[in-house]
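Thanks for coming. I will go through one model today, pockets to begin with and helices after that. Please have a look at it before I start.

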Amino acid sequence: MELAPGLRRIGNDIIAAHLIVDDSGITLIDAGLAGHWRDLQRELAEIGRSPADIRGVVLTHGDSDHIGFAERLRRDFGVPVFVHEADAARARGEESTKPAWGGAKITPVLRFLAYSIRKDGLRTTHLSEVLTVADGDALELPGSPQVIGLPGHSPGSIAIHVPAVSALFVGDGLTTGHVLTGSRGPQPAPFSDDPAAAAASLTRLETELGAEWSGWVIPGHGEPWRGSIAELLHAYRSAQPG
């Protein structure tokens with residue numbers, strides 16, 4: 001699905017991954033679930049590309065619903081996979097946490113679980129090897145993605161700014177479609193290790209991009225959002241509990 005020239009999405013509002021496409025190749029932002037491999041193949045065929053055109057996968061964090069088919073790309077096509085150093089062990093399956101679910105409603109939860117099962121979410125293949133990134137890194141990949149640290153959802157959560165397509169990928173730094181409650185709009189994401197730290201991290205976006213920056217803000221779950229950083233943070237803070 002094309003969101004804008006050079007910016008495409010696979011998956012849906014429940015779980016998504018994104019492609020940055022230019023003449024030099026493709027950068028993949030996150031890798032969804034294992035079953036999204038078929039979606040990736042269809043998307044690549046639609047634009048006349050193949051997995052061999054993917055120059056790198058950049059993970060917003062190391063959770064299982066973001067690393068999906070990344071190891072398959074690394075193993076079968078030699079595609080490097082980048083993750084923040086603080087989430088490298090999580091992406092390799094060496095450590096995990098069990099954060100609280102928080103509020104939930106039965107229908108959205110069942111929808112999330114059914115989709116996850118359909119997309120092989122119970123079959124996670126962790127990374128055998130990763131390349132680590134740090135806050136402030138600019139990667140030599142299509143679109144020239146830039147790393148902004150957003151710790152809180154996980155220790156190594158990052159945002160990825162891609163000026164070439166005017167997009168900011170925030171992973172689970174926030175959500176616009178809460179998979180457990182069904183509520184819409186910018187708000188705290190569930191399953192966060194440290195919700196207070198996650199909220200505090202978002203203020204960095206004003207510093208890094210400017211309050212008036214207006215482009216695509218794209219979470220791993222929920223609809224892409226467009227507006228200024230100031231509007232985004234206002235909506236997010238209005239949705240915070242208590």
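The second largest pocket has a volume of about 330 Å³. Of its 21 lining residues, those closest to the centre are His-178, Pro-188, Ala-189, Pro-190 and Pro-241. Two elements give two or more residues to this lining, helix 6 (195–202) and helix 8 (229–239). Helix 6 gives the most, with three residues. By class, the lining of the second largest pocket has 13 nonpolar, eight polar and no charged residues.

Before going on, the sources. This is a predicted model, in which local features need pLDDT of at least 70 and side-chain atom pairs count only at pLDDT 80 or more, while totals for chains, interfaces and linings use all residues. Residues are numbered from 1 along each chain as its sequence is written, and side-chain values use heavy atoms, with hydrogens and water left out.

Now the terms used so far. Helices (H or I, at least four residues) and strands (E, at least two) are DSSP runs, numbered from the N terminus. A pocket is found on a 1 Å grid over the protein atoms alone, as an open set of points where a 1.4 Å probe fits, with protein on both sides within 12 Å along at least five of seven lines; lining residues have an atom within 4 Å of a point. The volume is the space filled by probe spheres set on the points, with grid points joined across faces, edges and corners. Ala, Val, Leu, Ile, Met, Phe, Trp, Tyr, Cys and Pro count as nonpolar, Asp, Glu, Lys and Arg as charged, and the others, Gly among them, as polar.

Next, the largest pocket. Its volume is about 710 Å³. There are 28 lining residues, and the closest to the centre are Asp-63, Ser-64, Asp-65, Thr-97 and Phe-191. Helix 2 (64–67) and helix 5 are the elements that give two or more residues to the lining of this pocket. Which element gives the most to it? That is helix 5, with four residues. The classes in the lining of the largest pocket are 12 nonpolar, nine polar and seven charged.

Phe-191 sits in the loop between strand 12 (184–187) and helix 6. Its phi is positive, near 65°, in a residue other than glycine. Phe-191 is partly exposed, with a relative accessible area of 22%. The cut-offs are under 20% relative accessible area for buried, over 50% for exposed, and partly exposed in between (1.4 Å probe, protein chains only).

On to helix 5. At 1.5 Å a residue, its 13 residues (106–118) should span 18 Å, and the end C-alpha atoms are 18 Å apart, which agrees. The expected span is 1.5 Å times one less than the number of residues. Pro-108, Val-109, Phe-112, Tyr-115 and Ser-116 are the buried residues of helix 5. Seen down the helix axis, they fall within an arc of 135°, so they line one face of helix 5; the arc is that of the directions from the helix axis to the C-beta atoms. The face turned away from the buried side carries the exposed residues Ile-106, Thr-107, Ile-117 and Arg-118. What do the buried residues of helix 5 pack against? They pack against strand 2 (7–11) and helix 1 (36–46), where contact means heavy atoms within 4.5 Å.

After helix 5 comes Asp-120, with a positive phi near 60°. Leu-122 is in the loop between helix 5 and strand 7 (131–133), and at 75% relative accessibility it counts as exposed. Leu-122 and Ser-64 are 58 residues apart in sequence, with C-alpha atoms 9.2 Å apart in space.

Val-179 ties several of these parts together on the slide. Val-179 lies in the loop between strand 11 (175–177) and strand 12, and counts as buried at 10% relative accessibility. Leaving aside neighbours within four places in sequence, Val-179 is in contact with Ile-14, Pro-108, Val-109, Phe-112, Pro-190, Phe-191 and His-221.

Last, helix 3 (residues 70–77). Ala-70, Glu-71, Leu-73 and Arg-74 are buried in this helix. Down the axis of helix 3, these buried residues fall within an arc of 165°, so they line one face. They pack against strand 4 (25–29), helix 1, strand 5 (54–58), helix 2 and strand 6 (81–84). Just after helix 3, Gly-78 takes a positive phi of about 70°.
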